[in-house]
Amino acid sequence: MEDMIIIGILVIALIIGVIYTIKHFKGESSCCGGGSAVKVKRKKLQNVVARKTIIIDGMVCDHCKNRVERILNDMEGVAGKVNLGKKQAVVEMEREVSDEELRAVIEKAGYKVEAIK
């Protein structure tokens with residue numbers, strides 16, 4: 001009887017582990033704060049005066065992508081689109097924004113800016 005209880009607990013633990021592993025590989029796990037169910041609405045700018053590409057290290061899932069897009073789009077006069085595969089964000093600006101300002105908001109969110117072009 002005791003063996004059956006132990007086996008039951010191990011089976012339940014294994015099932016939970018498999019479920020979380022599947023979610024992780026689908027980009028839905030809480031590896032960095034949550035799943036990817038919420039999509040960031042694309043911000044449209046009226047008068048784009050500059051465009052920069054930011055190489056970002058530390059993004060591993062759709063949640064990371066959405067988080068970086070959200071923090072960029074929250075900046076006044078800035079719209080960002082992240083390509084997770086290339087680990088980069090293309091940023092359009094209606095006003096001049098310094099590289100230091102862009103680097104600061106991204107690194108404050110926990111990611112590392114490798115380069116800004």
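**Notes on a predicted sheet-and-helix model**

1. Staying with Lys 65 for a moment: its relative accessible area is 18%, so it falls under the 20% limit for a buried residue. Leaving aside neighbours within four places in sequence, Lys 65 is in contact with Val 82 and Leu 84.

2. Strand 1 and strand 4 deserve a look of their own. They pair in the antiparallel sense over 4 bridges. Asp 57 has Lys 112, in strand 4, as its bridge partner.

3. In soluble globular proteins, nonpolar side chains tend to be buried together. The largest nonpolar core here has 21 residues, and those touching the most other members are Ile 54, Ile 56, Leu 72, Val 91, Leu 102 and Tyr 111. At least two residues of this core come from each of strand 1 (50-57), helix 2 (62-73), strand 2, strand 3, helix 3 (99-108) and strand 4 (112-116).

4. What does Tyr 111 touch, not counting residues up to four places away in sequence? Its contacts are Ile 56, Asp 57, Gly 58, Met 59, Cys 64, Arg 67, Val 68 and Ile 106. Among these, Asp 57 is the residue whose bridge partner is Lys 112.

5. The structure holds 5 salt bridges. One of them joins Glu 92 to Arg 51, with the closest N and O atoms 2.5 Å apart. This pair links distant parts of the chain, since Glu 92 is in strand 3 and Arg 51 is in strand 1, 41 residues apart. Are the two partners buried or exposed? Glu 92 is buried, at 18% relative accessible area, whereas Arg 51 counts as exposed at 53%.

6. Another salt bridge runs between Asp 99 and Lys 52, where the closest N and O atoms are 2.6 Å apart. Asp 99 lies in helix 3 and Lys 52 in strand 1, so the pair ties together parts that are 47 residues apart in sequence. Lys 52 is buried, with a relative accessible area of 16%, while Asp 99 counts as partly exposed at 29%.

7. One backbone detail to finish with, if you have the torsions open. Lys 87 has a phi near 55°, a positive value in a residue other than glycine. Where is Lys 87 placed? It is in the loop between strand 2 (78-83) and strand 3 (88-93). Lys 87 is partly exposed, and its relative accessible area is 33%.

Definitions and conventions: Residues numbered from 1 in each chain as written. Predicted model: local features only at pLDDT ≥ 70, side-chain atom pairs only at ≥ 80, totals over all residues. Heavy atoms only, no water. Buried < 20%, exposed > 50% of the residue type's maximum accessible area, 1.4 Å probe, protein only. Core = buried A, V, L, I, M, F, W, Y, C linked by side-chain atoms within 4.5 Å. Contact = heavy atoms within 4.5 Å. Pairing = 2+ DSSP bridges. Salt bridge = Lys/Arg side-chain N within 4 Å of Asp/Glu carboxyl O.
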